[in-house]
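Here is a short report for a first look at this structure. It moves from a helix pair to the strands and then to a single residue.

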Amino acid sequence: MNETDLHPATRVAQAMGRIDQATRAVIAPIHVSTTFIRDPDNQYSSGFVYGRPDNATVREAEAVLAMLEAAPAGALLFGSGMAAAIAVFAVLNAGDHVLAPRIMYWALRHWLMTELPRRGIAVDFVAMDDPAAVAAAVLPGRTRLIWIETPGNPLWTITDIAAIAGIAHAAGARLAVDATVASPYHLQPLALGADFVMHAATKILNGHSDVVAGVVAGARDDADWQRIVTARRLGGAILGPFEAFLLMRGMRTLFLRAAAQAANAAALAARLAAHDHVAHVLYPGLPDHPGHAIAAAQMRDGFGSMLSIRVRGGAAHAIATAAAVRVWHRATSLGGVESLIEHRASIEGEGTPCPDDLLRLSVGIEHVEDLYADLDRALRAASG
Ligand code: PLP
C-alpha cells in the first residue's frame with residue numbers, strides 16, 4: 001500500500017510516517033539550529049542555509065498541513081494566524097481592489113480597513129452569503145483578491161466557496177478562504193476552487209490552546225504563491241521550531257478532537273434552541289441556519305465546534321450568563337479541547353456587527369451533559 005493511499009486520519013496520526021533516520025525515533029527531534037555548514041564545494045547540499053527562511057521541524061508540520069489541504073503548492077507556517085492572513089495580501093499591488101466579508105474575524109477586518117488604504121489598495125465589505133451582491137461589488141480590472149471566512153465569526157455565516165471562486169476567477173481575481181473554524185477535518189477549500197486557504201493554527205489544528213501559529217496553503221506554485229513565500233522569507237514571519245513541534249503533536253489527534261467537538265456542538269445547539277432563556281442559536285448544523293444547505297453540501301462529517309447563542313433579556317443577561325458558568329471557561333479564542341464562552345461584542349468593541357446579546361461558544365471535548373447543565377444553570381441564574 002502506498003502512503004498516499006492512506007486516509008488523512010492515518011497519515012496525520014503518524015505525522016506522515018516520518019522516522020528520524022539517525023536514531024530511528026518515532027517522534028522526530030526538534031531542529032533548533034539557526035545556521036548550517038556549507039559544503040567544501042561551496043554548496044548547501046542539505047538544502048538548509050539559515051533559520052529565518054527555513055527549518056526542518058517547521059517543514060515537517062508544513063508537509064502534514066499540505067497533505068490535509070491537498071495543496072499542490074504546499075503550506076507555509078507563520079508565527080500567528082494574523083501573520084499568515086496578512087502574508088496573502090502580499091499578492092496585491094497599489095491600485096488593486098479587495099472584497100472582504102462583512103462578518104469576519106474582527107482583528108483582520110480592522111487591519112484591512114486601516115492598512116490596505118495606506119498601501120493604495122481599496123477594500124469593500126460585502127455580504128459573502130449573497131453571491132449576486134459579491135458579483136455586483138467586483139470592480140472589473142481592479143478586483144484582484146476576494147477574501148472569505150466560512151463559517152464566519154461570530155454568526156457562523158456560510159459562504160458558498162465554489163460560487164465565489166467562479167465570480168473571482170471570471171474577474172481575474174484570486175480567492176482566499178479563512179477556514180480556521182472548519183479546519184481541514186470538515187472542509188477543503190482548494191478542492192472547491194479556492195486559490196489559497198488560511199488557518200489560525202492556534203485554534204483547532206493545534207487544539208490545546210498552547211501555541212500561536214498560522215498557515216497558508218496554495219493551489220498553485222505560481223507568481224502569486226512566490227510573493228507569499230518571499231513575504232515570509234524576507235519578513236521573518238516563520239513559526240518557531242518549538243511551536244511547530246507542539247503543533248505537530250496537536251495535529252496528530254485532529255480527527256479525534258474535531259469529531260468529538262462537532263458532536264458536542266451539534267447536541268448543544270439542538271438543546272439550546274429549545275431553551276427558555278435563549279432567543280436564538282446560530283449554528284450551521286441547525287436546519288434553520290441560513291447557510292445550512294450550503295454548509296451541508298461543502299462541509300463533511302459535521303459543522304464544526306463553534307456556535308453562538310443570543311440570550312433573552314439582552315446584553316446584561318448575556319454578560320451575567322458568562323459570569324455564572326463554572327465548567328466553561330470565560331475566555332477568548334476557540335478550537336481547544338476545553339470549552340470557552342465569550343461575550344463577543346465586548347472584545348470586538350465599537351463598530352462591531354456582533355449583536356450585544358450574543359455569547360460565542362467554543363465547544364471542547366468535555367462530557368456534553370456537564371457542558372449543558374452548566375450553561376442551563378448559568379442562563380437561569382442570569383435571568384433570575
Ligand atoms: N482567523 C480567525 C477565524 C480567527 O478566529 C483568528 C483568531 O482568533 C485569526 C484568524 C487570527 O489568528 P491568531 O490569533 O493566531 O493571529
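Helix 12 and helix 14 cross in a right-handed way. The model is predicted. Helix 12 covers residues 315-324 and helix 14 covers residues 368-383. They pack at an angle of about 130°, and their axes are 8 Å apart. That angle makes helix 12 oblique to helix 14.

Which residues meet here? From helix 12 come His317, Ala320, Thr321 and Ala324. From helix 14 come Arg377, Ala378, Leu379, Ala381, Ala382 and Ser383. By class, this contact of helix 12 with helix 14 has 6 nonpolar, 3 polar and 1 charged residues.

Strand 11 spans residues 340-343 and is covered on both faces. Leu340 and Glu342 are buried on one side. Ile341 and His343 are buried on the other. In general, side chains of a regular strand alternate between the two faces of the sheet.

Strand 11 pairs with strand 10 (residues 329-330) in the parallel sense. Strand 11 and strand 12 (residues 358-362) run antiparallel. Leucine 340 has a residue opposite in each of these strands: histidine 329 in strand 10 and serine 362 in strand 12.

| Strand pair | Sense | Bridges |
|---|---|---|
| Strand 10 and strand 11 | parallel | 2 bridges |
| Strand 11 and strand 12 | antiparallel | 4 bridges |
| Strand 1 and strand 7 | antiparallel | 5 bridges |

An open sheet is formed by 7 strands in the order 1-7-6-5-4-2-3, with mixed pairing. Strand 1 (74-78) and strand 3 (122-126) stand at the edges. Each has a single partner strand, so one side of each is left without a neighbour in the sheet. From one strand to the next, the twist averages 20°.

Strand 7 covers residues 214-218. Phenylalanine 78 stands opposite glycine 214 in strand 7. Helix 8 (residues 223-235) lies across strand 1, strand 4, strand 5, strand 6 and strand 7. Helix 8 runs at about 30° to strand 1.

**Arginine 18**

Where does arginine 18 lie? Arginine 18 is in the loop between helix 1 (8-13) and helix 2 (56-69). Its relative accessibility is 37%, so arginine 18 counts as partly exposed. Beyond its neighbours within four places in sequence, arginine 18 is in contact with Val26, Glu60 and Ala63. Alanine 28 is 10 residues from arginine 18 along the chain, and their C-alpha atoms are separated by 7.0 Å.

Methods. Residues numbered from 1 in each chain as written. Predicted model: local features only at pLDDT ≥ 70, side-chain atom pairs only at ≥ 80, totals over all residues. Heavy atoms only, no water. Axes fitted to C-alpha atoms, helices over the stretch in contact; angles between N-to-C directions. Parallel < 35°, antiparallel > 145°, perpendicular 65-115°, else oblique. Left-handed = near helix turned anticlockwise from the far one by under 90°. Contact = heavy atoms within 4.5 Å. Nonpolar A, V, L, I, M, F, W, Y, C, P; charged D, E, K, R; others polar. Buried < 20%, exposed > 50% of the residue type's maximum accessible area, 1.4 Å probe, protein only. Pairing = 2+ DSSP bridges.
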